[in-house]
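User: Please show me the model, then let us go through it one question at a time.

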Amino acid sequence: MSVQIIYHGHSAFSIVSDGMRILIDPFFTDNPAAKITEQDVSADFILVSHGHGDHIGDTISIAKRTGALVICNFEIVGWLQKKGLQNLHPLHLGGGNQFPFGRCKMTIAHHGSGLPDGSYGGNPGGFLLQLNSGKTLYYAGDTALTYDMKWLADDHVDVALLPIGDNFTMGPDDALKAVKLITPKTVIPCHYGTWPYIDVNAEDFQARCNQETDANCVLLHTEQSFIIE
Ligand code: NI
Ligand code: MN
């Protein structure tokens, strides 16, 4: 069964699998890379990797409008409850759970997770999605390169969504090392070009990825899709 991955710019994606829509780090308002607004998206599930504003983004308003189940760490669940959300599922690092779309496990990310109002947002994470459609996706979130990524090779990742923008996360050199550890079939870079701080040459990364690894690197423009057959 095919899976559609839609890039919303920066680090926001929608995954459409088995008729369900999984929205990841829904940052639209004030996102210079966005082409649609938070009013334009639908979601059955919202995954939030960490508390930073460019990831928690429009989670509250989209969840209130759509009734989507928000999946994130325990501390952010508590913060979202105070903001009036009720349909929430707490996960934490290394833990996974079976959801209607498949299994979702929270993976290690080396980064921060403070919430926009200064509240404590726990630890940052990423997500390993083992979809019912048979496809496996890894969304790294904001992270440095970590040798722990080597374990993901055991999970036979079909598509890895990796930050390459440097400055706040892995840059192209470290992201390339991550690809060699994870050994995914396809790599889709994100978290670059949104602001001058994270302006890197994605075409150069793509060329190096295709030359030096077995993975196929796909660059998506905002609102472009990649379909895993
Ligand atoms: Ni961040
Ligand atoms: Mn970020």
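**Questions on the predicted model**

User: Which residues of H4 are buried?
Analyst: Helices are DSSP runs of H or I with at least four residues, strands are runs of E with at least two, and both are numbered from the N terminus. Buried means under 20% relative accessible area, exposed over 50% and partly exposed in between, with a 1.4 Å probe and protein chains only. In this predicted model, the buried residues of H4 are Pro 172, Ala 175, Leu 176, Ala 178, Val 179, Leu 181 and Ile 182.

User: From which pLDDT do side-chain atom pairs count?
Analyst: Residues are numbered from 1 along each chain as its sequence is written, chains are lettered from A and ligands numbered from 1 in the order in which they are written, and side-chain values use heavy atoms, with hydrogens and water left out. As the model is predicted, local features need pLDDT of at least 70 and totals for chains, interfaces and linings use all residues, while side-chain atom pairs count only at pLDDT 80 or more.

User: Which elements do the buried residues of H4 pack against?
Analyst: Contact means heavy atoms within 4.5 Å. Just after H4, Thr 183 has a positive phi of about 50°. The buried residues of the helix itself pack against E10, E11, E12 and helix H5 (202–212).

User: Which residue in E13 stands opposite Thr 186?
Analyst: Two strands pair if DSSP finds at least two bridges between them. Strand E12 (residues 186–190) and E13 are parallel and joined by 2 bridges. Opposite Thr 186 stands Asn 216.

User: What is the bridge partner of Asn 73 in E6?
Analyst: Strand E5 (residues 69–73) runs parallel to E6, and 4 bridges join them. In E6, the bridge partner of Asn 73 is Leu 91.

User: What is the arrangement of the donor atoms around the nickel ion (ligand 1)?
Analyst: Donors are N, O and S atoms within 2.8 Å of the metal (3.2 Å for Na, K and Ca); water is not among the atoms, so sites may look incomplete. The donors here are His 50 (NE2), His 52 (ND1), His 111 (NE2) and Asp 142 (OD), at 2.2 to 2.3 Å. Four donors count as tetrahedral if all angles lie between 85 and 135 degrees; four count as square planar and six as octahedral if opposite donors are over 155 degrees apart and all others between 65 and 115; anything else is irregular. The 4 donor atoms subtend angles of 89 to 173°, which makes the arrangement irregular.

User: Is His 111 buried or partly exposed?
Analyst: His 50 lies in the loop between E4 and helix H1 (53–56) and His 111 in the loop between strand E8 (102–108) and strand E9 (125–131), so the pair ties together parts 61 residues apart in sequence. At 0% relative accessibility, His 50 counts as buried. His 111 has 26%, and therefore counts as partly exposed.

User: Which residue bridges the manganese ion (ligand 2) and the nickel ion (ligand 1)?
Analyst: The manganese ion (ligand 2) is coordinated at 2.1 to 2.2 Å by Asp 54 (OD), His 55 (NE2), Asp 142 (OD) and His 191 (NE2). His 55 is in helix H1 and Asp 142 in the loop between E10 and E11, 87 residues apart. His 55 is buried at 0% relative accessible area, and Asp 142 is buried at 2%. The two ions lie 3.2 Å apart, and the residue that bridges them is Asp 142.

User: How many disulfides does the structure hold?
Analyst: A disulfide is a pair of cysteine sulfur atoms within 2.5 Å. For Cys 190, which is buried at 1% relative accessibility, the nearest cysteine sulfur is that of Cys 217, 11 Å away. For Cys 209, buried at 0%, the nearest is again that of Cys 217, 4.7 Å away. The number of disulfides is 0.
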